[in-house]
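Student: Please take one part of this model and go through it closely. I would like the surroundings of a single residue first, then the strand pairing and charged pairs, with cut-offs stated.

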Amino acid sequence: MFPRNAGVLPWRFYVDANVQRVFKLTQRAKAEHQQTLTVNVRSSNVLNHMNVLSVGGVLGSPLFGVPYVADNGRRIEAG
């Protein structure tokens, strides 16, 4: 006999990071319109932790309690 709520999903946690740097392109300090270039790098799920979204819930199945759907892994974007 299984207790009630035996198929509880494991914990999920996300760690995201963003690094940004601004470069001034205008040489003159008193220029009417300052020109800058912004460079950034963003990462989601930095720790690459497997965040389970679904587990097998059919009692007679060999996949009972086994995770079969997970969220995306680490992703890095630059701009």
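**A buried side chain and the open sheet**

Tutor: Asparagine 51 counts as buried because its relative accessibility is 0%, where buried means under 20% relative accessible area, exposed over 50% and partly exposed in between (1.4 Å probe, protein chains only). The model is predicted, so local features need pLDDT of at least 70 and side-chain atom pairs count only at pLDDT 80 or more, while totals for chains, interfaces and linings use all residues. Residues are numbered from 1 along each chain as its sequence is written, and side-chain values use heavy atoms, with hydrogens and water left out.

Asparagine 51 sits in the loop that runs between β2 and β3 (52-55); strands are DSSP runs of E, at least two residues long, numbered from the N terminus. Its side chain comes to 3.1 Å from the backbone nitrogen of phenylalanine 13. Once neighbours within four places in sequence are set aside, the contacts of asparagine 51 are Arg12, Phe13, Tyr14, Asn45, Ala70 and Asp71, contact being heavy atoms within 4.5 Å.

Next, the sheet. It is open, with three strands in the order β1-β2-β5 and antiparallel pairing; two strands pair if DSSP finds at least two bridges between them. β1 (17-24) and β5 (75-78) are the edge strands, each pairing on one side only. On average, neighbouring strands of this sheet are turned by 5° against each other, direction ignored; axes here are lines fitted to C-alpha atoms, and angles run from 0 to 180 degrees between N-to-C directions. Four bridges join β2 (residues 36-44) to β5 in the antiparallel sense. In this region serine 44 stands opposite arginine 75 of β5.

Glutamate 77 is partly exposed, at 34% relative accessibility. By this rule the count is two salt bridges, and one of them joins the side chains of aspartate 16 and arginine 42 at 3.9 Å, N to O. That pair links distant parts of the chain, 26 residues apart: aspartate 16 belongs to the segment before β1, arginine 42 to strand β2. Aspartate 16 is partly exposed at 46% relative accessible area, and arginine 42 is partly exposed at 35%.

How values were computed:
Polar contact = N/O pair within 3.5 Å; in protein donor to acceptor, adjacent residues only side chain to side chain. Salt bridge = Lys/Arg side-chain N within 4 Å of Asp/Glu carboxyl O.
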